[in-house]
Amino acid sequence: MCLAVPLKIVSVEGKQAVGEAAGLTQKLRVDFIPDVRPGDYVMVHAGFAIQRLSEAQARENLACIQEAVDAASE
């Protein structure tokens, strides 16, 4: 099963960026998303940003992931 995770972009340097979610940071590539800036939300799969998201979409996705984690730990 493949999973993409929404991250908030913290910094961008060329085609590399750092994203953050829930206090964890991840290095990623932004080759597929033009004009990515700190503060943007992106969906990340296999280390690549594959889609830009609104903050509301990112929060909704993160809430769904947390719900699955909580259900698995019961």
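Relative accessible area sorts residues into buried (under 20%), exposed (over 50%) and partly exposed in between, with a 1.4 Å probe and protein chains only. The model described here is predicted: local features need pLDDT of at least 70, side-chain atom pairs count only at pLDDT 80 or more, and totals for chains, interfaces and linings use all residues. Residues are numbered from 1 along each chain as its sequence is written, and side-chain values use heavy atoms, with hydrogens and water left out.

**Salt bridges**

Side chains of opposite charge can pair when their charged atoms come close. A salt bridge is taken as a side-chain nitrogen of Lys or Arg within 4 Å of a carboxyl oxygen of Asp or Glu. The whole structure holds three salt bridges.

| Salt bridge | Closest N and O atoms |
|---|---|
| D31 and R29 | 2.9 Å |
| R52 and D40 | 2.8 Å |
| E55 and R59 | 2.7 Å |

D31 is partly exposed at 32% relative accessible area, and R29 is likewise partly exposed at 29%. The bridge between R52 and D40 has its closest N and O atoms 2.8 Å apart. This pair links distant parts of the chain, 12 residues apart, with R52 in strand β5 and D40 in the loop between β3 and β4. Helices (H or I, at least four residues) and strands (E, at least two) are DSSP runs, numbered from the N terminus. E55 and R59 are separated by about one helical turn because they lie four residues apart in helix α1. E55 is partly exposed at 40%, whereas R59 is exposed at 53%.

**Nonpolar core**

A nonpolar core is a set of buried Ala, Val, Leu, Ile, Met, Phe, Trp, Tyr and Cys residues joined through side-chain atoms within 4.5 Å. The largest such core has 11 residues, among them L7, I9, A21, L28 and V44. Strands β1, β2 (16-21) and β4 each supply at least two residues of this core. Contact means heavy atoms within 4.5 Å; beyond four places away in sequence, L7 touches residues including A21, L28, V42 and V44.

**Loop residues with positive phi**

D35, in the loop between β3 and β4, has a phi near 60°, a positive value in a residue other than glycine. D35 is exposed, with a relative accessible area of 58%. A46 lies in the loop between β4 and β5 (48-53), and its phi is near 55°, again positive in a residue other than glycine. A46 is exposed at 65% relative accessibility.
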